[in-house]
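Please take a walk through this protein model with me. Keep the sequence and the structure side by side as you read.

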Amino acid sequence: MRLWPRVPAWVGWTLLAVLVVGAVATRVLYVRAQSYTELADLLEVSLVTGESETSAWAEAQRDRVVMASQLVAGRDWRDPAAVRDVARLLDGLVDAMRRRGAVGAVAAIDENGKVITTARAGTLELPPPSVWDTSSTAAATGSRRCGPRLCVVFREPVHWASGTGWMVLWVAVDDDTFRALNPATRQNRTGRTSLVARIDDSLAVLASRSNAARPVPRMLAWESVPPHVGDALAGRATKGHGPGLFGADAIYAAAPVQGTPWAVVRELESAEVLHNVDLALAIEETILVALFLSVVFLIRNRVRAVRQRRTSELTQLRADFVSSVSHELRTPLAQIRMFAELLRKGSMRTPEDADRALRIIEKEASRLTILVDNILNYTRLRKRSERVPTHPAYVTGEVRQAIESFGPLSAERGVTIVPEIEPDLWATVDSLALRQVLVNFLENAAKYGPRGQKLTVGAKGIDDVVRVWVDDQGPGIPPSEREKVWRAFYRRREAVDAGATGAGIGLAVVRELVLQHGGRVEVTDAPNGGARFVADLPRAEVPVNALDLMTTGERPIATAGVGVGGRGSAVSADP
């Protein structure tokens, strides 16, 4: 029975397309996130070079100021000769910087904050004294605007003869000052490393190096500064993905420069990363989708082939079933019609011939009854899968009834039936269904077993079930085929080769009848050879009106040619 309505093909393909697109999108997002994380890690590692070079450069400039402070220490700045010596020293310091390509200025300041003397290179504009920050005698490093240029400032205390003053060095910086800031390959077009510092309410880009020739602003409003830059200036290294220093979405790493209030920021625009990653992903995902679709089409074609084969097999089985049923119906009907016509015309010479004709009609009618009942039951059972409501059935009596009703067919095959039936057995099963199960077991055993064989029909109680079975003396059934024999239309090759007839639904009807009554079926080896067909049914309590049920409608089991004894007695059915 179909539990779900048949889904149109376009719905399945739409769901498949959604699944593929969702899988591709998920993978793209995952690979992008992984690429961002890995690149951020690489940027963090690459910051080490820029940070260490910048820190070393700052330390070198600070050493110059320290050396100048130590050389003028103890002098009296009020002595003109001492002032001239200090001026010559400062000029030499600036000249040494000029020879190294640096532009700077230096000033000596007394303890009152008054400039004693200065020296500068070229036209470098110094910030006004009001922002020189001479309120402390501690060494300090900072950044200031020197006119249109940006300067880094190093301040060192000077111990004059009259008190403590300062030595202040300004060094103009630009992109060429820090050549180690961007250790990137030429293929890296948007990678940029910047040295930044805070000046009042602005962010100063002291230097910025990149393979791209695009200019960048040197002063940024502090409100527009990304959080990772602020964290680095506050002394906390950081990395990740988000808005970059100059507005574009970027992968970044930022770290403070040791011993300075500066930070080094290294960024790579996400667009360049996505261009490279998405191109590789497009190729990879195309291959994966093609492989996936190939597998889907292979599975689809395989399923279609299996369905077509099953359909072909089912069609063949149905054709064989119709042919077999037609033959099974035609043969007994022909016999019944022929002998009925002979009886009607009075063509039987003796009473014995007439009695023989009646027995043949009875036998063929029994065969027709079994066949028609199987066909009707099979059709009905395929349309109903739930358990059927039942009442207690007297198993002992029903088994005997089944043996009796099978008498004409057993006589035809020369079969001897041996009952092994426990008394007073009751099961929760429909009595007609139980009789059909036993008759089908007997017909199957008689049809596929040898002529003159002995069939054992048994019934006994085992815990909470009642087991009924039929043992034959045939070749038995191999374990590999014991599940298949319960399928509709299945017939063993040996039986087909031997020319045995049948519709192939008798055992399928047995299985469905037993399952719908809450039982189970199985095939095992009989104790004395052959096969044992077993049906286990739910055991029932003996009802209050058991005597009425046992006697009402019961017929004597003894019929012509058949005698029934007690437990273990034989029922002979000789033709």
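Begin with α1 and α2, which are roughly antiparallel to each other because their angle is over 145 degrees (under 35 counts as roughly parallel, 65 to 115 as roughly perpendicular, and the rest as oblique). The axes of α1 and helix α2 (residues 80-99) come within 11 Å and cross at roughly 160°. An axis here is a line fitted to C-alpha atoms, for helices over the stretch in contact, and angles run from 0 to 180 degrees between N-to-C directions. Helices (H or I, at least four residues) and strands (E, at least two) are DSSP runs, numbered from the N terminus. R64, A68, L71 and V72 of α1 make the contact with V86, L89, L93 and M97 of α2. Contact means heavy atoms within 4.5 Å. By class, this contact of α1 with α2 has 7 nonpolar, no polar and 1 charged residues.

A word on the model. It is predicted, so local features need pLDDT of at least 70 and side-chain atom pairs count only at pLDDT 80 or more, while totals for chains, interfaces and linings use all residues. Residues are numbered from 1 along each chain as its sequence is written, and side-chain values use heavy atoms, leaving out hydrogens and water.

Now the second pair. Helix α8 (residues 431-448) and helix α10 (residues 506-516) pack at about 150°, with axes 9 Å apart. That makes α8 roughly antiparallel to α10. Their crossing is left-handed. Residues of α8, including F441 and N444, meet residues of α10, including L513 and V514.

The largest nonpolar core has 50 residues. Such a core is a set of buried Ala, Val, Leu, Ile, Met, Phe, Trp, Tyr and Cys residues joined through side-chain atoms within 4.5 Å. Buried means under 20% relative accessible area, exposed over 50%, and partly exposed in between (1.4 Å probe, protein chains only). W57 and W262 are among the residues with the most contacts inside this core. Helix α1 (residues 9-72) gives the most to it, with 11 residues. Apart from it lies another core, of 43 residues, L513 among them.

Finish at E269, in strand β11 (residues 263-269). Is E269 buried or exposed? At 16% relative accessibility, E269 counts as buried. E269 touches residues including T190, R214 and D249.

Terms used:
Left-handed = near helix turned anticlockwise from the far one by under 90°. Nonpolar A, V, L, I, M, F, W, Y, C, P; charged D, E, K, R; others polar. Lists of a residue's contacts leave out its neighbours within four places in sequence.
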